[in-house]
Amino acid sequence: MSPARLSTVVLDAPDAHELAAFYLGLLGYEVRADEPDWVLIGPPPGLPGLALSFQTEPAYVPPAWPTRAPGEQQMMLHLDIEVDDLEAETARAVAAGATPAGHQPQDDVRVLLDPAGHPFCLWVA
């Protein structure tokens, strides 16, 4: 039996194509598969990186950051994206449609929300 291999992370969104376009620009990825309600993107050939998929979910409810009261929608995961220049990449992400989160827990990390409200972190090593 072959070992299991993680191939992608799937993010639900009200519009899969809109959210995929945001991450295409942010990460410099390319489209690998495109269906009416699902898009797969990944790094160009030969470059490292994990693929991301986006699925249209009509009943999508954005996650909360920081978390809300028990029983309400919570953040279930977030993406960590390493960058060389935190301020420049934060500005670029905001220009592309991200929103800075109101709560910033660390000086060397910026928590942002993508256009569908998923939290993601830009960080420097």
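The model is predicted, so local features need pLDDT of at least 70 and side-chain atom pairs count only at pLDDT 80 or more, while totals for chains, interfaces and linings use all residues. Residues are numbered from 1 along each chain as its sequence is written, and side-chain values use heavy atoms, with hydrogens and water left out.

Two salt bridges are present in the structure, a salt bridge being a side-chain nitrogen of Lys or Arg within 4 Å of a carboxyl oxygen of Asp or Glu. In one of them, Glu 89 pairs with Arg 92, with 2.9 Å between the closest N and O atoms. Both residues sit in helix α2, three residues apart, or about one turn of the helix. Helices (H or I, at least four residues) and strands (E, at least two) are DSSP runs, numbered from the N terminus. Arg 92 has a relative accessibility of 36% and so counts as partly exposed.

Arg 110 and Glu 87 form a salt bridge too, their closest N and O atoms lying 2.8 Å apart. Since Arg 110 belongs to strand β7 and Glu 87 to helix α2 (residues 86-96), this pair ties together parts that are 23 residues apart in sequence. Glu 87, at 48% relative accessibility, counts as partly exposed.

Next comes the largest pocket, which holds about 260 Å³ of space. The search ran on a 1 Å grid over the protein atoms alone: a cavity is a set of points where a 1.4 Å probe fits but cannot get out, whereas a pocket is an open set with protein on both sides within 12 Å along at least five of seven lines, and lining residues have an atom within 4 Å of a point. Grid points are joined across faces, edges and corners, and the volume is the space filled by probe spheres set on the points. The lining of the largest pocket comprises 16 residues, with Asp 12, Tyr 60, Gln 73, Met 76 and His 118 nearest its centre. Strand β1 (residues 8-13) supplies the largest share of that lining, namely three residues. Sorted by class, the lining has ten nonpolar, four polar and two charged residues; Ala, Val, Leu, Ile, Met, Phe, Trp, Tyr, Cys and Pro count as nonpolar, Asp, Glu, Lys and Arg as charged, and the others, Gly among them, as polar.

His 118 is worth a stop. It lies in the loop between β7 (109-113) and β8 (119-123), and with a relative accessibility of 10% His 118 counts as buried. Its side chain makes a polar contact of 3.3 Å with the side chain of Tyr 60. A polar contact is a pair of N or O atoms within 3.5 Å; within protein, one must be able to donate a hydrogen and the other to accept it, and residues adjacent in sequence count only if both atoms are side-chain atoms. Not counting residues up to four places away in sequence, His 118 touches several others, including Leu 11, Asp 12 and Pro 63, where contact means heavy atoms within 4.5 Å.

Leu 11 takes its place in strand β1 and is buried, at 4% relative accessible area. Outside four places in sequence, its contacts include Ser 53, Phe 54 and His 118.

Ser 53, in turn, is part of strand β4 (residues 51-56) and counts as buried at 0% relative accessibility. The side chains of Ser 53 and Thr 8 are joined by a polar contact of 3.2 Å. Leu 40 is among the residues that Ser 53 touches beyond four places in sequence. Leu 40 itself is in strand β3 (residues 38-42) and, at 17% relative accessibility, counts as buried.

Gly 28, between α1 (16-27) and β2 (30-35), is partly exposed, with a relative accessible area of 45%. Beyond its neighbours within four places, Gly 28 is in contact with Tyr 23 and Pro 44. Pro 66 lies in the loop between β4 and β5 (79-82), and a cis peptide bond with omega of about -10 degrees joins Trp 65 and Pro 66.

Conventions:
Buried means under 20% relative accessible area, exposed over 50%, partly exposed in between (1.4 Å probe, protein chains only).
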